[in-house]
Amino acid sequence: MTLSATDFSFVSGLVRREASIVLGPGKEYLVEARLLPVARQAGAASVGEFLAGVQQRSDPTAVRDIVNALTTNETSWFRDREPFTALTESVLPDLLRARAASRRLRVWSAACSSGQEPYSLAITLQQFLPAGWSYEIVGSDISSEMIARAEAGAFSQVEVNRGLPANLLVHYFERAGAHWRIASSLRRNISFQRLNLAAPLPSLAPFDLIFLRNILIYFDVDTKRTVLRNVGKLLRPDGWLFLGAAETTIGIDDSYERVAAGRTSAYRLRAAVPAGIAGMG
Amino acid sequence: MRLILRRIVGQLGFDVIEAEDGQAALTTLAGAEEVPDLALIDWNMPNMNGLELVTAIRADARLREMTLVMVTTESEQGQIVRALAAGAHEYVIKPFTSGAMVEKLALLGLVPSGATL
């Protein structure tokens with residue numbers, strides 16, 4: 001059964017309001033598929049019946065469940081690989097020089113989903129940083145359910161198969177029943193919080209490196225601009241921003257400059273780009 | 001399982017040879033004109049198990065370029081460590097998705113990064 005136009009319009013409006021995510025025409029099937037488990041959990045026979053109930057009365061729990069179901073995405077370890085290769089080949093060497101005095105790096109995984117990205121970043125930093133350096137990673141996501149999962153740091157066997165080399169699995173995880181739990185040496189450097197990137201952000205200390213990947217694609221241009229402006233305020237002037245392969249700041253926010261980073265590209269605040277590095281965009 | 005693996009690597013462009021167990025695999029390898037690029041090896045096989053097969057392949061200089069991937073339900077941490085120490089390059093725990101297998105092969109440089117089925 002497909003979703004009625006009224007129900008779809010209700011859900012897309014709600015998700016737009018709560019999470020600034022645009023569900024355009026053609027996403028009816030996605031909405032139905034993602035909401036079916038939520039509807040069943042709530043005791044409704046169908047998505048339509050569930051949504052009828054939600055529309056009749058104010059139900060913050062149901063609203064939160066709908067937002068969670070439609071904003072979570074499958075993810076893998078070291079997703080897309082190139083950004084992680086770029087980190088070890090060029091970005092971290094640059095930051096090692098720039099932060100030689102403090103020997104401390106702050107990193108933000110801004111749409112961290114179930115935690116694979118911040119933990120992949122932690123593994124990369126743990127392996128790369130020389131003795132005497134420390135790091136701190138903040139993982140954030142719009143979905144409270146995803147934040148809880150990321151904080152738990154326990155992954156199924158299907159999840160640990162996704163892009164995680166076996167030598168890293170045995171080094172940085174411990175078996176815990178049917179799951180694999182992240183080692184405490186990684187967990188202690190990471191904190192998680194629920195954040196809506198399109199809303200005014202809380203005051204956080206600025207970051208040397210921000211991963212904001214595969215999230216701008218869900219937003220319209222105005223929201224993209226707001227998110228990039230919000231994120232830019234938390235990026236140190238000589239910091240690095242990584243977007244998803246299909247995302248860019250170009251034509252949206254010209255305070256960023258696209259620069260080469262290994263075999264991929266990253267973004268830096270325009271004033272900070274040294275004269276020797278040519279912009280690519 | 002062999003059918004699933006055959007389909008996945010076949011779709012990625014590999015020619016596939018199958019062997020019943022570790023011993024049969026060694027016999028096939030000994031008679032092969034070309035050394036395969038990749039072996040997908042289950043842990044639990046009659047006659048010679050996967051760990052023994054990995055060890056035997058690693059002991060044969062002619063086969064040293066082969067990439068060895070364990071594909072198994074055996075998921076104890078110690079078993080993964082043993083397989084890697086014996087010379088397996090990667091370890092895929094069942095159940096897995098075809099996407100996960102492709103990602104593992106990409107990690108090993110056997111298919112392009114970002115390849116999909």
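**Figure 1. The second largest pocket of the predicted model, lined by residues of which Ser76(A), Gly99(B), Glu103(B), Gly114(B) and Ala115(B) lie nearest its centre.** The lining of this second largest pocket comprises 18 residues, and the space that lies in the pocket amounts to about 330 Å³. Divided by class, the lining residues of the second largest pocket are 7 nonpolar, 7 polar and 4 charged. The structure shown here and in the following views is a predicted model.

**Figure 2. The largest pocket, with a volume of about 940 Å³.** Of the 32 residues that line the largest pocket, Val16(B), Ile17(B), Leu38(B), Ala39(B) and Leu40(B) are the closest to its centre. Two or more residues of the lining are given by each of the elements α1 (2-11), α2 (22-31), β1 and α3 of chain B. The lining of the largest pocket has 21 nonpolar residues, together with 10 charged residues and 1 polar residue.

**Figure 3. The largest cavity, with a volume of about 290 Å³.** Among the 23 residues lining the largest cavity, those closest to its centre are Ala111(A), Asp141(A), Arg213(A), Asn214(A) and Ile215(A). By class, the lining of the largest cavity divides into 11 nonpolar, 7 polar and 5 charged residues. In total, the structure holds 3 cavities of 30 Å³ or more.

**Figure 4. The open sheet of chain B, in which 3 strands follow the order β1-β2-β3 with parallel pairing.** The edges of this sheet are formed by β1 (38-41) and β3 (90-93) of chain B, each of which pairs on one side only. On average, and with direction ignored, neighbouring strands of the sheet are turned by 20° against each other. Strand β2 (residues 67-72) of chain B runs parallel to β3(B) and is joined to it by 4 bridges; within this pair, Val69(B) has Glu90(B) of β3(B) as its bridge partner.

**Figure 5. Helices α3 and α5 of chain B against the sheet of chain B, with α3(B) lying across β1 and β2 and α5(B) touching β1, β2 and β3.** Helix α3 (residues 50-58) of chain B runs at about 180° to β2(B). Helix α5 (residues 98-107) of chain B packs on the sheet, and its direction makes about 175° with that of β3(B).

**Figure 6. The cis peptide bond that joins Lys94(B) and Pro95(B).** Omega of this bond is about 0°, and Pro95(B) is placed in the loop between β3 and α5 of chain B. As background to this view and the next, most residues other than glycine have a negative phi, and most peptide bonds are trans.

**Figure 7. The loop between α4 (60-71) and α5 (82-98) of chain A, in which Asp80(A) is found.** Asp80(A) has a phi near 70°, which is a positive value in a residue other than glycine.

**Figure 8. The packing of helix α2 (residues 28-41) of chain A and helix α3 (residues 47-56) of chain A.** The two helices pack at an angle of about 70°, and their axes are 9 Å apart. Because angles of 65 to 115 degrees count as roughly perpendicular, α2(A) is roughly perpendicular to α3(A). From α2(A), the contact is made by Glu32(A), Leu35(A), Leu36(A), Val38(A) and Ala39(A), which meet Val47(A), Phe50(A) and Leu51(A) of α3(A). By class, this contact of α2(A) with α3(A) has 7 nonpolar residues and 1 charged residue, with no polar residues.

**Figure 9. The open sheet of chain A, in which 3 strands follow the order β3-β5-β4 with antiparallel pairing.** At the edges stand β3 (154-155) and β4 (173-176) of chain A, each with a single partner strand, so that one side of each is left without a neighbour in the sheet. The pairing of β3(A) with strand β5 (residues 179-182) of chain A is antiparallel and extends over 2 bridges; Ala154(A) has Arg181(A) of β5(A) as its bridge partner.

Terms used. Residues are numbered from 1 along each chain as its sequence is written. Chains are lettered from A and ligands numbered from 1 in the order in which they are written. This is a predicted model: local features need pLDDT of at least 70, side-chain atom pairs count only at pLDDT 80 or more; totals for chains, interfaces and linings use all residues. Side-chain values use heavy atoms; hydrogens and water are left out. On a 1 Å grid over the protein atoms alone, a cavity is a set of points where a 1.4 Å probe fits but cannot get out, and a pocket is an open set with protein on both sides within 12 Å along at least five of seven lines; lining residues have an atom within 4 Å of a point. Grid points are joined across faces, edges and corners, and a volume is the space filled by probe spheres set on the points. Ala, Val, Leu, Ile, Met, Phe, Trp, Tyr, Cys and Pro count as nonpolar, Asp, Glu, Lys and Arg as charged, and the others, Gly among them, as polar. Two strands pair if DSSP finds at least two bridges between them. Axes are lines fitted to C-alpha atoms, for helices over the stretch in contact, and angles run from 0 to 180 degrees between N-to-C directions. Contact means heavy atoms within 4.5 Å. Angles under 35 degrees count as roughly parallel, over 145 as roughly antiparallel, 65 to 115 as roughly perpendicular and the rest as oblique.
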